[in-house]
Amino acid sequence: MNKKILILGTLGLVLLGGGGGAYYMFGMKKAPDQKAEPAAVLKPPPVFVQMDQMSIPILRGDRVNAYYFVAVSLQVADEAKRTIVDDRMPLIKDAFLREVYMHSAMRSDAPDSLDFDALKQRFMKLAQQILGPGVVDDVLITRAIKAVG
């Protein structure tokens, strides 16, 4: 009988302790003298300017072996910068196409694979040269399809 009372008493203390801990963690309200945390200032979502699809040749020697058809988007901070990009889009397209036709866009260790990182860096550099620094935040390659034929 003493064992049952001891077990029930211990169980009751554990339950009371757990309930008190839960109340302390979840149920207590902040004291009125504590200030609520300031709301985080949200940046507006970026704006994406989608470019026309472009084709990138895969060369074997002097011959075109295949093409990559690539979709590119330019990330800008707001609509004002989108307008700047839209106004100069013909110059951007021209520069990007000249870049992929004059210099290989393929990886050196896998000549049939597009070098996405190097291509993004080259496109970003061209965008900054045409539009000025700070207009384009990122160049995104959103689709790349290889076509053999």
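**Exercise 1.** State how many helices and strands the protein chain has, and give their pattern.

Solution. Start with the terms: helices (H or I, at least four residues) and strands (E, at least two) are DSSP runs, numbered from the N terminus. The protein chain has 4 helices and 4 strands. Along the sequence, the pattern reads α-β-β-β-α-α-α-β.

This is a predicted model: local features need pLDDT of at least 70, side-chain atom pairs count only at pLDDT 80 or more, and totals for chains, interfaces and linings use all residues. Residues are numbered from 1 along each chain as its sequence is written, and side-chain values use heavy atoms, with hydrogens and water left out.

**Exercise 2.** Find which elements have the lowest and the highest mean pLDDT.

Solution. pLDDT is the predictor's confidence in each residue, from 0 to 100. The chain average is 84, and 73% of the residues score at least 70. Now go by element. Helix α1 (residues 2-27) has the lowest mean, 60. Strand β1 (residues 47-50) has the highest, 98. Where pLDDT is low, the predicted coordinates should not be read in detail.

**Exercise 3.** Describe how helix α2 packs with helix α3.

Solution. Locate the pair: α2 spans residues 79-87 and α3 spans residues 89-102. Their axes (lines fitted to C-alpha atoms over the stretch in contact) lie 5 Å apart. The angle is about 65 degrees, on a scale from 0 to 180 degrees between N-to-C directions. Next, list the contact (heavy atoms within 4.5 Å). Val85, Asp86 and Asp87 come from α2; Met89, Pro90 and Ile92 come from α3.
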